[in-house]
Amino acid sequence: MDPLWISALVIFALNAGGFVYGYLRQSDKLTDLMYSLSFALAAVVMLFYSGPGNRTAAYLSLMILIWAARLGGYLFMRIHAMDRDTRFDEMRPNAWRLASFWILQAVTVWVVILPLTLVLKNSDSSALFADLNWFGGLIWIFGLGIESLADWQKFRFRNNPANKGQFMQSGLWKWARHPNYLGEILVWIGFYLVALPSLGSFWPLALISPLWIALLLIRVSGIPLLERSADKRYGMQHAYQEYKKNTARLIPFVW
């Protein structure tokens with residue numbers, strides 16, 4: 001079976017199940033976990049059906065499994081500590097709005113995993129980008145490190161009763177308001193670069209992967225939602241206004 005169809009079937013079936021559970025139980029407990037699990041399961045199933053021998057695909061799958069285990073474990077731990085995700089308070093009772101979120105999540109997973117899917121679909125390698133897979137691996141490691149450290153710092157901050165009513169502005173968050181998103185974007189840039197030498201003529205199509213996740217986090221469901229939520233909670237604090245004025249949104253000293 002074509003890897004494009006395999007990934008689509010796995011991803012959309014898993015997210016359809018997550019939607020049914022979330023709507024019937026009015027629960028957010030599995031929402032973020034399903035995101036990571038969709039990547040991991042799709043990678044494993046595609047690799048299984050494609051057979052052994054594709055070293056690049058095996059590396060890419062391992063990168064996905066490591067990333068998914070880290071992020072999925074963190075998000076699962078976080079939602080159980082929070083009990084509910086306030087982002088879904090208005091969406092949760094409305095089946096159509098909730099379904100639209102799950103559809104967007106499924107599409108996102110399918111698009112972002114495209115470099116692996118297209119590596120499995122392509123039979124030729126290109127010498128044009130041969131050295132970029134090592135560079136991509138370093139970017140991936142760097143991004144994963146930033147994302148992991150930022151999430152850990154914020155989790156500890158939120159679970160300290162002394163910080164109730166305060167906003168995060170220490171550690172990596174001193175240098176950028178959303179360092180975890182910077183790490184996430186770097187992860188998928190690195191992922192794409194590792195795949196690049198094995199993509200052949202599919203390399204422009206696979207470029208949609210890092211561009212999509214960057215667009216989603218910067219313009220759609222990432223930074224804009226969190227900025228509005230933070231403005232509501234802390235907007236009256238002078239310290240927050242100064243923090244927002246003097247701290248880069250995503251890239252320290254740049255933007």
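Y49 is exposed in the predicted model, with a relative accessible area of 57%. Since exposed means a value over 50%, Y49 falls in that class. F48 also counts as exposed, at 65% relative accessibility. The two residues form an aromatic pair. Their ring centres lie 5.6 Å apart, and the planes stand at 90° to each other, which makes the pair edge-to-face.

Y74 belongs to helix 3, which covers residues 55-82, whereas F155 belongs to helix 6, which covers residues 132-158. The pair therefore ties together parts that are 81 residues apart in sequence. Y74 is buried, at 10% relative accessibility, and F155 is buried as well, with a relative accessible area of 18%. Both assignments rest on the cut-off for buried residues, which is under 20%.

In total, the structure holds 15 aromatic pairs. Ring pairs also join Y35, F39, W67, W188 and F191 into a cluster. Y59 is found in helix 3. With a relative accessible area of 49%, Y59 is partly exposed.

The secondary structure of the protein consists of eleven helices and zero strands. Read from the N terminus, the order of elements is α-α-α-α-α-α-α-α-α-α-α. The radius of gyration is 19 Å, close to the 18 Å that the globule rule gives for 255 residues, so the protein is as compact as a globular protein of that length. Along the principal axes, the C-alpha atoms fill a box of roughly 60 × 45 × 25 Å.

Among contacts with a separation of 6 or more, residues 24 or more positions apart account for 81%. When neighbours within four places in sequence are left aside, S38 is in contact with I11, L14, N15 and V109.

Buried residues make up 48% of the 255 residues. Helix 5, residues 114-121, is mostly covered, as seven of its eight residues are buried. The buried residues of helix 5 are L114, P115, L116, T117, L118, V119 and L120.

The surface and the charges complete the description. The protein exposes about 13,500 Å², and carbon and sulfur atoms supply 65% of this area. There are 23 positive and 15 negative side chains. The centres of the two sets of charges lie 6 Å apart.

Methods
Residues numbered from 1 in each chain as written. Predicted model: local features only at pLDDT ≥ 70, side-chain atom pairs only at ≥ 80, totals over all residues. Heavy atoms only, no water. Helix = DSSP H or I, 4+ residues; strand = E, 2+ residues; numbered from the N terminus. Rg over C-alpha atoms; globule rule 2.2 N^0.38 Å. Buried < 20%, exposed > 50% of the residue type's maximum accessible area, 1.4 Å probe, protein only. Contact = heavy atoms within 4.5 Å. Areas by Shrake-Rupley, 256 points an atom, 1.4 Å probe, with all protein chains shown as cover. Lys, Arg positive; Asp, Glu negative; His and termini not counted. Charge placed at Lys NZ, Arg CZ, Asp CG, Glu CD. Phe/Tyr/Trp six-rings, centres within 6.5 Å; stacked < 30°, edge-to-face > 60°.
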